[in-house]
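Here's a quick tour to read with the model open beside you.

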Amino acid sequence: MTQEQRRFSTQAVHAGEARPNPYHAVTTPVVQTSTYTFEDTADLIAYKKASVEGERATRGEYGRYGNPTAWAVEQKVAVLEGAADCLLFSSGMNAETTALLSFLSPGDHLILTQDCYRKTRVFCNSLLHRYGVETSYVPMGDYAALEASVRPTTRLIFTEIPTNPYLRVMDLARLAELAHAHSALLFVDSTFATPYNIRPLEHGADLVLHSATKYMGGHNDLLAGVAAGPKELVKTLREVQSMLGGVVDPNCAYLLLRGLKTLGLRMERQNENGLRVAQFLEAHPAIEKVYYPGLPSHPDYEAAVRQLRGFGGVVSFEVKGGMEGVAAFIDALRLPLIGPSLGGVESLVEQPALMSHYELDPEQRKAIGVSDGLVRYAVGVEDAEDLIADLAQALDRVGTLNS
Ligand SMILES: *Cc1c(COP(=O)(O)O)cnc(C)c1O
């Protein structure tokens, strides 16, 4: 069996790890240093010569240019995504903003699919706009609108898979074909899917990005981001990062490396929990509507089944009774903690109208499709039976209030 033939969890455990590690340790050490030293001038010159020739660093110079613990993460994620190279960032937003700043110039045009992470939208409308980059938003699933919004200056198309909070799933090969026909790049934020559920580069994406804070880290205890793709694109990102400085601390890189080893195990469980919770909710009379790409009722069910190995751990749904009904339901839950984020071992629940869109008025929220009755439930790795029993008792409470 060659290294490439190894399956997901074998790669998740072993890829990117040096064999043997220093001191013959099983685990990759936390190399807690800000700077690296050279034997003598000849050693320094040999290092500089290799850097000029574009070889990937195998030793450090200064912490903002890389760290061995972070390199192990980068190599592991590159293998998991089937990418030539990968770069680690201080957060998912840092990966995205660095990627957009790296490949867009004044006068360029960017297309974003509408149902996207709110801060990505805010970044495009404020900072990117100030630097002369225009952004168009197209409705999810509307390929004709996407084609129609392309301009001669369109440089980049950016989408998420699945999206937040409605878990929309677009056909990546079709998006890639459209982008490339217009000499534009396709960037995919695959945070909600992870490489366990889809490898966007295999569908034609040019760069795949993640908030590693979510499933990759997986324990609600770190912030990090990654971007993976061909050598040339990642090299550009690395150069820009060396200026912008959004690198992670070596301890954080270690926690992420540790989290990644169980990514396959956790995704298997979270895919299963997500589906079971979604099926339970869809059958419950107190629920207005469920958005989960693994349900045949979802508008992108077919695209999801065709592209994804599992449908992830986020389930969005509308509870009858509006803002008050949702509040009563959320407050009656005993297992999930109330909080933003997703992808960790602990289940989290939130009301997007309050958590991520509080400063918008009801009309503005409606315009971007966030209703007051909407709940986003991010399942953890608990037992599905317990999560469902907890949901059932909370919905009973709301049912009693409504009647
Ligand atoms: C959380 C998230 C981000 C931002 O990542 P941070 O690590 O919080 O900076 C970007 N995109 C998606 C889809 C996310 O869920």
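Where is the place of Leu244? Leu244 sits in helix H9 (residues 231-244), with helices (H or I, at least four residues) and strands (E, at least two) taken as DSSP runs numbered from the N terminus.

## Ground rules

This is a predicted model, so to speak: local features need pLDDT of at least 70, side-chain atom pairs count only at pLDDT 80 or more, and totals for chains, interfaces and linings use all residues. Residues are numbered from 1 along each chain as its sequence is written, and side-chain values use heavy atoms, with hydrogens and water left out.

Leu244 teams up with Leu101 and Met243 in a nonpolar surface patch of about 310 Å². Patch members have over 30% relative accessible area and no salt bridge, and nonpolar side chains (Val, Leu, Ile, Met, Phe, Trp, Tyr) are joined within 5 Å, like charges within 9 Å. A salt bridge here is a side-chain nitrogen of Lys or Arg within 4 Å of a carboxyl oxygen of Asp or Glu. Areas come from the Shrake-Rupley method with a 1.4 Å probe; for residues, only the protein chains shown count as cover.

## Around the ligand

Ligand oxygen atoms have side-chain N or O atoms at 2.8 Å in Ser211 and at 2.7 Å in Lys214. For Thr213, a polar side-chain atom lies 2.6 Å from a ligand oxygen. Polar contacts are N or O pairs within 3.5 Å. Taken alone, the ligand exposes 380 Å², and the protein buries 93% of that.

Tyr166 and Tyr291 form one that is edge-to-face (planes over 60 degrees apart), at 4.7 Å centre to centre and 70 degrees between the planes. They're 125 residues apart: Tyr166 is in the loop between strand E4 (154-160) and helix H7 (172-181), Tyr291 in strand E8 (residues 287-291).

That E4-H7 loop also holds Pro165, whose peptide bond from Asn164 is cis, with omega near 0 degrees. Another cis bond joins Arg19 and Pro20, at an omega of about -5 degrees.

Key:
Polar contact = N/O pair within 3.5 Å; in protein donor to acceptor, adjacent residues only side chain to side chain. Phe/Tyr/Trp six-rings, centres within 6.5 Å; stacked < 30°, edge-to-face > 60°.
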